[in-house]
Amino acid sequence: MNTSSLSFLQSAFPTSSSFLPPNRLTPSFCFVVEAHSTTRRQDRTARHTRIRKKVEGTPERPRLSVYRSNKHLSVQVIDDTNMHTLASVSTMQKAVFEEFNYTAGPTVEVAKRVGEIIAKSCLEKGITKVAFDRGGYPYHGRVQALADAAREHGLEF
């Protein structure tokens, strides 16, 4: 748009060249409303990145990584030095999915059962100590229930 087509704005809004950058036709009394710059997913990813700077899985103490979505819950025990997954459990696995009949998503009871299964799987493979990686999620609800159940069944965090 050229300035001649916007000439009616100059008469409607008094502007001062000291308040405006060059070639801008905005009123001096307007303000800018900015939306929140990051989404909840981006915030969680940033938290997870901060956690991952501190938590690392070694062969002696692998990382217990938690991922939760609205429909499923997934847990992996990972050796980060060798980049190898040692054990994993998910609510998408047939054995776990058929055990519980839920439609809205995994509940705290399902998270407890997943914690039991991952603890038994780790103990069978000789893993007793893990570093807990909550994946940027708050230690509350399903994540806490999973961690408590894994501790009760023999894993040390």
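1. In this predicted model, the side chains of R63 and D80 meet in a salt bridge, with N and O 2.9 Å apart. R63 belongs to strand 1 and D80 to the loop between strand 2 and strand 3, so the pair ties together parts of the chain that are 17 residues apart in sequence. Both partners are buried; for D80 the relative accessibility is 17%, which falls under the 20% cut-off and therefore counts as buried.

2. D80 also forms a salt bridge with R52, where the closest N and O atoms are 3.5 Å apart. This pair again links distant parts of the chain, since R52 sits in helix 2 and D80 in the loop between strand 2 and strand 3 (84–90), 28 residues apart. R52, at 29% relative accessibility, counts as partly exposed, whereas D80 counts as buried.

3. A search of the whole structure gives six salt bridges. Another of them joins E116 to R113, with 3.0 Å between the closest N and O atoms. Both residues lie in helix 4 (residues 108–124), three residues apart, or about one turn of the helix. E116 has a relative accessibility of 21% and counts as partly exposed, as does R113 at 22%. Elsewhere, salt bridges with shared partners join R52, R63, D80 and D133 into one network.

4. Leaving aside neighbours within four places in sequence, D79 is in contact with G57, T58, P59, P62, H84 and L86.

5. The largest pocket has a volume of about 380 Å³, and its lining consists of R40, R41, D43, R44, R47, Y67, R68, S69, N70, G136, Y137 and P138. The elements that give two or more residues to this lining are helix 2 (40–54) and strand 1 (63–68), and helix 2 gives the most, with five residues. By class, the lining residues of the largest pocket divide into six charged, three polar and three nonpolar.

Methods
Residues numbered from 1 in each chain as written. Predicted model: local features only at pLDDT ≥ 70, side-chain atom pairs only at ≥ 80, totals over all residues. Heavy atoms only, no water. Contact = heavy atoms within 4.5 Å. 1 Å grid on protein atoms, 1.4 Å probe; cavity = no way out; pocket = protein on both sides within 12 Å on 5 of 7 lines; lining within 4 Å. Points joined across faces, edges and corners; volume = space filled by probe spheres on them. Helix = DSSP H or I, 4+ residues; strand = E, 2+ residues; numbered from the N terminus. Nonpolar A, V, L, I, M, F, W, Y, C, P; charged D, E, K, R; others polar. Salt bridge = Lys/Arg side-chain N within 4 Å of Asp/Glu carboxyl O. Buried < 20%, exposed > 50% of the residue type's maximum accessible area, 1.4 Å probe, protein only.
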